Amino acid sequence: MSDLPPFGELARLPFPRQIAAIDAVVEGGDPESGAALLGTLAGLTDHEPLAHAVRGLARAGTLAHPRVAAAVRRAIEVAPDTGV
């Protein structure tokens, strides 16, 4: 079993723990998990975790997956202007 927190708990974690959880999902390479993560991060008031996830997914080559690309588009639509 993973020691990662459920995505819904990310908002309550300190920033370093958020980044560690994001990195673990990105390193896992599962596009479905990446898309779900982006959906959760889009709802946070701090846009840096979302930006970190997008950068990581881009480096991992996962942004080309249709579900991840769609999740990025949705996240951009709801992110504050400073986050885009």
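Predicted model: local features only at pLDDT ≥ 70, side-chain atom pairs only at ≥ 80, totals over all residues.

User: Start with the fold. How many helices and strands does the protein chain have?

Analyst: Begin with a count of the elements, then read their order. Here the protein chain has 4 helices and 0 strands. Along the sequence the pattern is α-α-α-α.

User: What share of the residues counts as buried?

Analyst: Burial is judged by relative accessible area, with under 20% as the cut-off. Of the 84 residues in the protein chain, 36% fall in that class. Then look at the surface.

User: Now a helix pair. At what angle do H2 and H4 pack?

Analyst: Read the angle and the axis distance together. Helix H2 spans residues 31-42 and helix H4 residues 66-78. They pack at about 5°, with axes 8 Å apart. Angles under 35 degrees count as roughly parallel, so H2 and H4 are roughly parallel to each other.

User: Which residues make that contact?

Analyst: List each side separately. H2 contributes Pro-31, Glu-32, Ala-35, Leu-38 and Ala-42. H4 contributes Arg-67, Val-68, Ala-71, Val-72, Ala-75 and Val-78. Sorted by class, the contact of H2 with H4 holds 9 nonpolar residues, no polar ones and 2 charged ones.

User: Which residue forms a salt bridge with Arg-67?

Analyst: Arg-67 forms a salt bridge with Glu-32, and the closest N and O atoms are 2.8 Å apart. This pair links distant parts of the chain: Arg-67 is in helix H4, Glu-32 is in helix H2, and they are 35 residues apart. Both ends are partly exposed: Arg-67 has a relative accessible area of 45%, and Glu-32 has 37%.

User: What is the total count of salt bridges?

Analyst: The count is 2. Arg-55 forms a salt bridge with Glu-48, with the closest N and O atoms 2.9 Å apart. Arg-55 is partly exposed at 37% relative accessible area. Glu-48 is partly exposed too, at 29%.

User: Let me try a single residue. Is His-52 buried or exposed?

Analyst: Compare its value with the cut-off. Buried means under 20% relative accessible area, so His-52, at 19%, counts as buried. His-52 sits in helix H3, residues 48-60. Leaving aside neighbours within four places in sequence, its contacts are Ile-19, Ile-22 and Asp-23.

User: Where does Thr-62 lie?

Analyst: Thr-62 lies in the loop between H3 and H4. Thr-62 is buried, with a relative accessible area of 8%. Setting aside neighbours within four places in sequence, Thr-62 is in contact with Pro-31, Leu-57 and Val-68.

User: Pro-31 came up there. What does Pro-31 touch?

Analyst: Read the contact from the other side. Pro-31 is in helix H2. Not counting residues up to four places away in sequence, Pro-31 touches Thr-62, His-65 and Val-68. For a distance check, take Pro-31 and Pro-66: 35 residues apart in sequence, and 8.7 Å apart in space, C-alpha to C-alpha.

Definitions and conventions
Residues numbered from 1 in each chain as written. Heavy atoms only, no water. Axes fitted to C-alpha atoms, helices over the stretch in contact; angles between N-to-C directions. Helix = DSSP H or I, 4+ residues; strand = E, 2+ residues; numbered from the N terminus. Parallel < 35°, antiparallel > 145°, perpendicular 65-115°, else oblique. Contact = heavy atoms within 4.5 Å. Nonpolar A, V, L, I, M, F, W, Y, C, P; charged D, E, K, R; others polar. Salt bridge = Lys/Arg side-chain N within 4 Å of Asp/Glu carboxyl O. Buried < 20%, exposed > 50% of the residue type's maximum accessible area, 1.4 Å probe, protein only.
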